[in-house]
Amino acid sequence: MIKIEWFSEEMQNEYTETIAKKIREKLKKEILKFPDDIAELFREKGSVSEQKIKEFLKMKFYNVENNKALNHYISRCTLISHCLTDINKSDFNKWKKTNSSKVISDYLDERFKKYNEKYPENYPLTYPTDASEENWSENFKNKIIDTVLLEPFKTVFNYDIINDKFRHKLMNSLNVPVCPYCNRQYITPWDDMEGNKKSTADLDHFFPQSEYPLFALNLFNFVPSCQVCNSRMKLSRFLDKNGNRPIYPYDENFGDDAVFKASTTYGGEDPKRLLEVWLSESIDDLKITLKIQDNIDEQYKDKIEQSNNLYHIEKVYQAHKNYVSELMLKKRIYDDGEYFKTIQNIFSGFEHEKLNQFSEDEDIVYNVNGKKLTITKKQLELFLYGYNWENGQDSTRPLSKLTYDILKR
Ligand SMILES: [Zn+2]
């Protein structure tokens, strides 16, 4: 929900220098198994090119979404993942009895019917059909997933190619102090006993490796996140049933398009009622909602909704009711101008002369011991609320989006 800066040019180059050669060696062996349009992305004058691999690894997300072959690849993986949900473990026992490759392949043809109707020629699926293997009963689904979805991409773009140290270096280079998905958890660099740079962040794959293995090593796909958001991603489906992805934190944020609101069960958004919640400590009467604006682009709306579903944003934010009710009280005092009056008193010990008339919207300029001293509106807010927003966003502290929405809207 919070926008973050992408990798520096320098880091991008270091990254691609480090791994492109190794990928080229693997790709040379596997490229004939790639669909033609994907294989072409890595070829220069007919042979596998290190330069092309580098370009692919640091491709911007915008260019990925607008590349015909890659866009097509995303659709295919999504459809395969949908088909895979129809396969269940108990089915295996039926096959085992027959021990017939024909039965298995008929069964899989039926499960992948939607796929086979849509991509009949250029992107055929090959299934494992050998029913005689001993350990099939435990692994049969994995084996199918491996064959129809992961290989040959998994072998070439293997995430293990990046060692632990380099992964931490990548993450720390981004300087993201709070999880951009939930804006709740700090993600922090630290030094271990040997002085190695570590990070409490997980390196999340925006497109999950388990469904889109071609993107396992793309920089566009690496998002530093908290462990909760990273593992939640693995449990839920990345795209909604209409193919909408969540908000992409390098390019997009909730901003003004989705806003946290506080309301009471009996008085709606009436500020007086909201204040009563705090005064009477009846926190159960408070509700926090994520309101998506009506007048925005439909597709963007769907993406925000998908983010909300995937990271359970609205649900987990109910845990911050107490915090919100405290904010409401502070806001009330602030709106009454009490806070500014208090600030004036803080400087009463100085020999000072206030140069401008008190106003909520202006910086306050003091003359302290002959020097002009300005207290900016921003500093006052930082002092009171602990945040420093720029264009409605403070990516350095948890709950900054919630705080901004409650106080400033
Ligand atoms: Zn998170």
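Begin by selecting D405 and K401 in this predicted model; both residues belong to helix α19 (residues 400-408), where they sit 4 residues apart, about one turn of the helix. Their side chains form a salt bridge in which the closest N and O atoms are 3.0 Å apart. D405 is buried, with a relative accessible area of 3%, and K401 is also buried, with a relative accessible area of 3%.

K54 counts as buried because its relative accessible area is 12%, under the 20% limit, whereas E50, at 21% relative accessibility, counts as partly exposed.

Now select E14 and K169, whose side chains meet in a salt bridge of 2.7 Å, N to O. This pair links distant parts of the chain, since E14 is in helix α1 (residues 9-30) and K169 is in helix α11 (residues 164-173), 155 residues apart. E14, at 31% relative accessibility, is partly exposed, and K169, at 39%, is partly exposed as well. The structure holds 15 salt bridges in total.

To display its lining, select C182, R184, Q185, C226, V228, C229, R232 and V316, a set with 5 nonpolar, 1 polar and 2 charged residues. Helix α12 (residues 227-235) gives the most to this lining, with 3 residues.

Notes:
Residues numbered from 1 in each chain as written. Predicted model: local features only at pLDDT ≥ 70, side-chain atom pairs only at ≥ 80, totals over all residues. Heavy atoms only, no water. 1 Å grid on protein atoms, 1.4 Å probe; cavity = no way out; pocket = protein on both sides within 12 Å on 5 of 7 lines; lining within 4 Å. Helix = DSSP H or I, 4+ residues; strand = E, 2+ residues; numbered from the N terminus. Nonpolar A, V, L, I, M, F, W, Y, C, P; charged D, E, K, R; others polar. Salt bridge = Lys/Arg side-chain N within 4 Å of Asp/Glu carboxyl O. Buried < 20%, exposed > 50% of the residue type's maximum accessible area, 1.4 Å probe, protein only.
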